[in-house]
Structures are given as C-alpha cells and as structure tokens.
Amino acid sequence: MSQPNRLSVGGRIDRSKPIEFSFNKRSYEGYAGDTLASALLANGVNLVGRSFKYSRPRGIMGHGAEEANALMQLGQGAVTVPNPKATQVELYSGMVATSTNGWPSVEFDLMAWLGKLGGPFMPPGFYYKTFMFPQAWWLRYEKFIRKAAGFGHISQQPDPDIYDKLNHYCDVMVIGAGPAGISAALEAGRNGKRVILADEQCELGGSLLASQQNINGASASDWLGTAVTELASMANVVLLSRTTVFGYYDHNFLAALEQRTDHLGPTAVKGTRQRLHRIRAKAVVLATGAIERPLVFGNNDLPGVMLAQSVSAYINRYAVVPGERALIMTSNDSGYQAALDIQSAGRTVVAVVDCRYHAEGRLAQMARAAGIEVITGHGVIEACGSHSVTGAVIAPLDQAGDQITGAQRSVSCDLIAMAGGWSPVVHLSCHTGSRPVWDEQLIGFVPGPNVQQQYCAGAVVGHYTLAHALSGGAAVGAEAAGAKVPEIHFDCGDETEAQAQALFLIPHSKSVSRAPKQFVDFQNDVTAAGIELAIREGYESIEHIKRYTAMGFGTDQGKTANVNGVAIAAKALHQSIQATGTTIFRPAYTPVTFGALAGRDVGSLFDPARYTATHQWHVAQGAKFENVGQWKRPWYFPKAGETMQQTLNRECLAVRNSVGIMDASTLGKIDIQGTDAREFLNRIYTNDWSNLKPGKCRYGLMLKEDGMVFDDGVTTCLSENHFLMTTTTGGAAEVLAWLELWQQTEWPELEVYFTSVTDHWVTYSLVGPNSRKVLEQLCNDVDLSAEAFKFMDYKAGTVAGIPARICRISFTGELSFEVNVPANQGHFVWQQIIAAGEAYDITPYGTESMHILRAEKGYIIVGQDTDGSLTPQDCGMDWIVSKTKAFSFIGQRSLHRSDTARSDRKQLVGLKPKDPAAIIPEGSQIVMDPNQQIPMDMVGHVTSSYWSVCLDHGIAMGTVKAGFSRMGETVYCPLVDGRTLAAEICSPVFYDPNGERHHD
Amino acid sequence: MLQIYCPYCQELREETEFSYSGEAHIARPLEPQQLTDAQWADYLFFRTNPRGIHHEMWYHASGCRRYFNATRNTQTYEIYETYPLGQQPALTCDIGGKR
Ligand SMILES: [Zn+2]
C-alpha cells in the first residue's frame, strides 16, 4: 500500500476515488475527502516546511485553521495561491503544492546553520536592533531576509478568475456548524426565522465529523446526517459550507468568504471562484468552537509533535494514523481521547503523561481499562530527534507544574500528541470591540460582554462536552429566534470531566534561556525564552511584547500561541493573566484573497467613468484623455508625428491667432431657483450678487468657513430668481452638498432650490479672435456684435437651430463664447461648429492647452494652485472679496483672524525662469538660498508650470512666503536630479496684462 | 458598517448611502464680525469629541439628500436615535452615567 499511515477501514474519505498530487516535486496519492495535510500524513510525509526565523524543520501540527507550520504554495502560474494551510486545502487531482519556506530546499536548508546559531543570531527584536540603523543596510538586506524568511509568493500575472459579492439579510446568523451551531440553527430554523449557517469546512459538522460518541443512542455521524437533512429541507435556512466568516463588524454586519471552486483545482474552474458574502443579521450566534493549545516544552516544534485533538481527527475522519508509537502529554481529560483513538487504530500508545497528580475522569478511566499506561504528575520536558520525533524525555513535576522534582527518563516514540487545554475561538467576538475575559476555571479567554445582538454557544464559552454544546446551542438558537427555549435532552455519556490543570510552560532541567527551544508561536518562531527576554528588556504591555517578539503576527494570528504567550509573560511579570490581558484579534480571522474583496470592481468596472456627449468624436480625432474626477476629458489632440509639446504649441497658437474649441461639458452645473436665490449667493460667495441683472454672468469664489478657497466658477443670472452656477469639474458633488448643508442647517427660511444639471447640458468654449465669425454662421437670432453682446453677457437663442444658452466669458483672455445646449443635441451642435469653423482652421484643444492659456493670464485652478490653505488674499484676489455686504458671508470672519491677516503667509505669485528654455517641474520646492545646508528653509512650491509658445519662454505659478513683497527677487528650485533652477518672482499675469484682447 | 435610520425617508439604510457631517447643534454665530478671534476659533475649530454619547449630523447623500441628526455612541457605534434638524435629542446623557 502506497499510503503507509492509512487505515484500511473507517473515516470519511472515499477509497474508491484515489487522487494524484505532488508535493515538493514528488508524486503521491490520496483519496477524495482528504485534505492536503491528511494525504501527506497518510504518505508518511511530516516534514512540510522550515521555520520563519531559525529555519527549523517543521511538520503538520493541527488539522484546521489553527495550523501554524504547514503553509503551502498552491498551484502554479496565474492562479498560484500563497500560504493556504495544508490542513484547510481539500485535495484535488493534479494538485501541485510546495513548501513556502525552506530555501533552497526543505530537506537541506541554507538557513538552517544560521538557525543553529539561534538565539545570538536572531534574538527577539532582531529586526529593530539590526536594521534600524543605518537605513541603507535594511534596503540592502531586505530582499535576502524576506526570501530566507519566505511566506510564499504571489503571481505576477493578472488573476484570470472571477469573484462575486453577495448581500444577505437574515434573522439569525449562526457561525460554525459544529454541534452547538447545528443545534442552534435547527432551533432558529424550526421557529421559522431566516437563518444562515456558515462553516469553513467542506462538510457541516465540525467536531462531530471526527466524533466517536453517541447522541441519544445514535452515532454522532448519524445524528449529524439527520440534522443536516432537516436543515437542508427548510426553505428559510441557507447552508454555507466552505465559508469562513472572517469579520464581524458594527450593527451585526458580517463578511464571509465562500470558496466555491478552490477544491476542484484550477483546471476545473467554472464560474465564480470565490464569493464575498456581506451579511446583515438581526442576531448572531457564535458557535466558533475552541482550539487546542500546544504544550510548551523543549523542541516541541519537531515534526511528529501534534495537537492531540488533531491526531484524533486524522484517525477518525481521515483514517490516517500519523505515527507508530505515540506518547501523549496532557494537562486535562481530552488527551486521553487521542490515546484511545490511537490504540483503537492498532498502533502503540507508549503512555499518557498527565501533569496532574490525579487523573480520574471518565476518559482517563477508559484509557486505564484499555491497558494504556498513565503516568501522572509528570511532564514531557523535551522532544528528541533531528528531523522528526524519535523519542522524548519525561520527568516528575511538582503539583503546580513549575519544578522538576526527580530523575528524568527517556522513552522512544515517533509521535507526541499534546493536549494543553482549550482556547475558545473568541476572535469574532473580539472584532466587535469586546475584550476577551480570562476564566480561571476554564483556563482560557472567553468572549467579553456582548456589544451587539450576539449569542454564544458551545466550546467558545467553555461548554466542552458534547451534551453541553448541543443543549447550549439549542437554547441560544431559540433565544436568538425570540422563541421559548425548548425542553430537549441530549445524552452523550460525557457529562463529567475532571478539572484541568493550568500548565503553560513545562519546566526543563535547564533554565528557560538555556533549555532547548520551547516554542510558543510556531509560525513566527517565538520561544518562551524570547518572551522572558522581552520582559527583561523592559517590555511590560502585552501589546508591546507582541510587537517586540512578533508573537501572534503570523497568518495564523497566534491562534495556538496567544494564551501560552500571555501566561508566560504574566508569570514573568508576577501578575495575573487577567491583568496581563490578551492582544486584540482583528479581522480577518483567516486570510482573505484580494480577488474576493475586489469582486467585480476591477478593470473597467473599478470606478464608474463619465463621458461627454462628444466623447466619440474626441476618440475619432485621436485625442489623448485624462481623468478629472470620474470624467474622461480630452487632454490634447495630437496630429500624426507630433510630440505632445508640438501639439500644445499648435493648439495654443490657434486659440490666440484664430479660433479653438474646447469641450467644457464636465464643469459642474447647479440650477438655483427661488425668491431667495440671490441672497443665498450673497452668503455663499465672497462677492456681491445684489445687482447682477438677468442676462449677466459673474465669476464667484467660494470659501470654507475657515476662509480658505474651496471652489470657483461663473454663475449666470437667467432671470430674477433663477441662476445657473458652474463649479469645477471635480468639485461639483461637494459644492452641491455644501449648498444644501447651509440651506438646510442654517438658513431654512431662505426659499431656494438646488438641482444638479451637469449631465443635462453640454458646454463648448469657442475661443479666439475668429470665434465670433464662426458662431455668426450658426446663430441667426442673437446679435453677437461687440456692442450688443458684451463681455460677461448671457443671451438665449439658437445655435444650428438648437435652443442654446450663450455666454461671453473667457478663461483664456481671448474673445470667446460659451455655448450650452441640451446634451442630447450636443454632438450635433459640436459637428456644426467644427464645420462652420473649417475656414478658420478651427482647432479642438484639450485640458492641457486650457491650463497653459489660463496660466498665461494668471487665472487659478482651484485644487491645483490652491490646496485648502490659501485665502483669496493669498491668491492675490482681494478684488473679489466684498467689504460691503450686510450678511457675513461664509468664510469672511476668518479672513481677519490673526493668522490669515499675517503678511508673511504663502502667497501665489508668478515665476519666470531665469533660463527662458527651462520648465520648472510642478511640485518643486522653492528656497531663497540655494547654497544652504540640508535641511533647507523651504518658502513655498511651484503649483503650475508650462512652456508658453506665445511668450516663447517657460512660465510658472507658485506659492512663496511673503511673495507679494518680493516682486523681482530671485528664488531657487533644487531638483531631484541635482540641478537648481532660478526664477524671478513676478506678476502671474504674463500675457495681455491689461486684458484688452477679450473686450474686442 | 453602520445601519442608519433616515428620519425623512423613514427607512433603515446602509451606511454607504450616507456621509458624516460632524458634530450637531453647533449654530453659526449670527454676528461673526462681532466675535473675538478666540470666540470665532471656538465655533470654527473646537469640537467636543466625546467618548460615549455624541450628537452628530449625517447627510443622506445617495438618498433624499437631506441632513439630519443622530445620537451615537462613539465607543460602541450604537445609534440610539436619529431626528430631523431643528429638533432636540431625546437622549442626552451617557448610558450608565459614564462620561
Ligand atoms: Zn433620507
């Protein structure tokens, strides 16, 4: 038989379905129903990796989420998954698995001899101590260290799989389908409630799947079958297997990861690989069980040292006995179950070593009756072997388990099953902000006070016997459903258990610091000696000890390590475990793929994109686009063979010399109506709107209450009580919320209504000295002459036969007309304008040329030249701040706070490079003295910078401390590449300073 | 993720529909120009930031687009009540009298 550790009968595996797989490039065979871990153990493979820091050989220690050692690299190519635990990976045909650590190989490891140096080479705090200074060393060594420490690798290719998200609502969410969870779901379901029952394993049942007990006369397996059939028959119950609830959030919101096809292998994948369930529950039942604790003794990390419950699970569920001669070390009754199971499987139980002086519980008596040797008052102080267990050293202990009281002796064995007591899985309860509470009687942390509508049942609250779990589950299931607790009796024959002993560190004949390593956190190689050292070095808070030693920082979040570590720290600190407390568990309970969190929100669905009505025309013209908020805006329109700068030069010259056209439809537009609309504008803008006549436009500046520039734009008076406000493209939503905020909270007496009309209208800027001649061809009902249609006028009419709102406003300093038509006619009107402009070589231009043209005029772009720290005065825009308005507009009072009134604030000025050909990079820091030692005194930064073809030199804007009083002075911009560019502070109005051009 | 009852829509909705809008019941001074810098700064910058009961504004941005008030426990995130602007909270002291 190729699987030497496989039993010929029993278990929940299917021997008629053999499965081929490979591990570390060797082929093996397992059965359907196996996990990768059980299949490896069946094949006698128990060396599965190298440890994180010391590179020690490691084997499989657990059988579920608690596994700390058996991290795998699963699958190849684009679908490879780093770090699943072999104990949670269902075996599929053709599986390719490798160890994640162990370099160059698991059997011969380059790091192993470094590991043998052990303590001196990598003590706790190693990373801090060694690599804090100099920083350059860390940069040099990081790669090496990470590779040596390795926890797998991710694919560099795009993920070909599909992930979904699902939203659920239910009355009762039951987490964990062990005996307590099944029992709770049954009661809640029988009461007609909407129930979801989720469990991380492929089969519902939890510990029942490996239980040899009877429930009311039926085998656990039969009882489970009946219960699951009943649950499945209820229309109001949803059963989710392979589903891990990994986060428990506010207001009973839960997140769960369902693995739909991972167990089939990458070639068999059809449909969605994983689903993220987002669940809102009225009540939550935590039936998350408990995890067995390892015992901390010398070399307790050797392959062949396993959790006792896991040994039982492998025997009963997978028909695998992971050893020939087993020694059991226990501090409570449950270790005896493993002894009984091993003996039933026909293997040798060397002895049960029980640290307690009296072991008279039911299971202990059964073991003795079965002829198993029980050695009380002893401990396994050390495991022996180089790559796996070959023996153990046992010694008599005092009653407290603190001291060795007599001669030690060696025994021969190849498996050590350890039962160090139970740690309730308090993680989800902890996610709600409830600190776990230490229970002296149970010797474990149990969930703290409920923060939300939450119930607990079974081992998570220390109800360890099967009968107690079942009855407790039924009770809270009914309670969570708002129903009467039923009278159900469960007889499982396990009602009595003897008191366990608290044993967190088994003493060695040598001191902790000199004894063979006694591991607490297997995944992160944290030892008892390491924790004691951290305390000697002055760490007292458990959160600090955690960070210094890295205890609990692994992908297993210290599921097996935490309690032992806390207890060892408490003892060293001479304080109680309750006083020491536990570290906080945070989501996710087990690792979650980014794919599942992202779901379908990837690629083109990552973020909604907004397109203008003319978008396809821009695309056809070969426009390059830039993202402005969610909008796709034409950036520039290159012609064949042009560089970007050549394009920009051509576009800018066309605007200045003939005519250009820009799609400005993305500007935010808010329709404002009401008898108090004008008064509202007075309060929200810095300038005065009292006398703006219908048919007139005005530029407005909006401040936050702290006096800082927030948004700007032109608002048009359409009629006495009707205005159209434009906002920046990116600020539209925020401005609308801002207007609503003030109207609703402070001025509800004002009659004014706001409607977003951004998408309803397109806006085309027709710009340049020939703009009038182009528009005249399309517009026969509006007099466009300079006399009749003045700068800042608005008129309604038609353009190409389409009703239009036309404004004479300019963001370039040129004569220009802004044409607004309903969006549905936008594309048609655009094409008509292009056709009419042909004679003048009308040139479409994008946002980049727009930026250059406005910078030549010194017009600011809010959000580029401003950053929420500039007042209108800082921007040189005091002219737009009314001093005469009756109402103290938003932000006004802040403009003369002592800080905003300072004369040495950073002020927005023009910057003219001394080298006419230079373009200072935007974002460059500005200094006054280029020769000053680092750190230099930075007086501001460059906000906008371009090549101006019209002026034939570079231009820039920037903030400079007290810049207004430094006109003509030279400033310097030290660049990343080592150059320093000099510039002269000047007015930001570089072009047509008297504004003569747009008044034509 | 919170569930919030909009007093205008009169429905319990997901937090993603709302945006937070700061402490509630802070009236804008009627005569800002009459205030000292310290008084203005108190209105502008200083917030109670309590541990426990907090009255705060929320905005039903993806719903009715109206602002309303909520009484929320900043420690447990429990929301005890939501109420329209202009009304006073029913609950004003911390549960259990703890500050
Ligand atoms: Zn609403």
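In which helix of chain A is Y548(A) found? Y548(A) belongs to helix α13 (residues 542-549) of chain A, where helices (H or I, at least four residues) and strands (E, at least two) are DSSP runs numbered from the N terminus. The model is predicted, with local features requiring pLDDT of at least 70 and side-chain atom pairs counted only at pLDDT 80 or more, whereas totals for chains, interfaces and linings use all residues. Residues are numbered from 1 along each chain as its sequence is written, and chains are lettered from A and ligands numbered from 1 in the order in which they are written.

Y548(A) has 22 C-beta neighbours inside 10 Å and therefore counts as buried. The classes used here are buried (20 or more other C-beta atoms within 10 Å of the residue's own), exposed (12 or fewer) and partly exposed (in between), with C-beta atoms placed from the backbone. Besides Y548(A), the buried residues of α13(A) include I542(A), I545(A), K546(A) and T549(A). Their cover includes β30 (526-527), α12 (528-536), α14 (562-572) and α15 of chain A. An α-helix has 3.6 residues a turn, so residues three or four places apart point the same way. After α13(A) comes A550(A), with a positive phi near 75°. Between Y548(A) and A407(A) the separation is 141 residues in sequence and 36 Å in space, C-alpha to C-alpha.

Chain A as a whole comprises 23 helices and 49 strands. Its C-alpha atoms occupy a box of roughly 115 × 70 × 55 Å along the principal axes. Of its 1000 residues, 53% are buried. Contacts (C-beta atoms, placed from the backbone, within 7 Å) were also sorted by separation in sequence. Among those in chain A between residues at least 6 apart, 66% link residues at least 24 apart.

Six domains are listed for chain A by an automatic or database domain assignment. They are domain 1 (14-149), domain 2 (162-290 + 424-480), domain 3 (294-420), domain 4 (511-593), domain 5 (668-756) and domain 6 (854-886 + 901-999). The centres of domain 3 and domain 6 of chain A, taken over C-alpha atoms, are 77 Å apart.

Nonpolar cores were defined as sets of buried Ala, Val, Leu, Ile, Met, Phe, Trp, Tyr and Cys residues joined through C-beta atoms within 7 Å. The largest has 187 residues, of which V174(A), V285(A) and I416(A) touch the most other members. A second, separate core of 93 residues includes I661(A), L701(A), I806(A) and F811(A).

Strand β7 (residues 95-99) of chain A is largely enclosed by the rest of the structure, because four of its five residues are buried. Strands are taken to pair if DSSP finds at least two bridges between them. Strand β1 (residues 14-23) of chain A runs parallel to β7(A) and is joined to it by three bridges, and F23(A) has A97(A) as its bridge partner. Strand β5 (residues 71-74) of chain A is antiparallel to β7(A), again with three bridges, and here L74(A) stands opposite A97(A).

Several backbone features lie in loops of chain A. Most residues other than glycine have a negative phi, and most peptide bonds are trans. S55(A), in the loop between β3 (49-50) and β4 (57-58), has a positive phi near 60°; S55(A) is buried, with 26 other C-beta atoms within 10 Å. N216(A), in the loop between β10 (214-215) and β11 (218-219), has a positive phi of about 50°, but N216(A) is exposed, with 12 other C-beta atoms within 10 Å. A cis peptide bond with omega of about 5° joins P587(A) and A588(A), and A588(A) is in the loop between α15 (577-580) and α16 (594-598). The bond from I934(A) to P935(A) is also cis, with omega near 0°, and P935(A) is in the loop between β45 (925-927) and β46 (938-948).

The contact between the chains takes 21 residues from chain A and 19 residues from chain B. On the chain B side, helix α1 (residues 37-45) gives the most, with three residues. By class, this side has eleven nonpolar, four polar and four charged residues, with Ala, Val, Leu, Ile, Met, Phe, Trp, Tyr, Cys and Pro counted as nonpolar, Asp, Glu, Lys and Arg as charged, and the others, Gly among them, as polar.

Notes:
Two residues are in contact if their C-beta atoms, placed from the backbone, lie within 7 Å.
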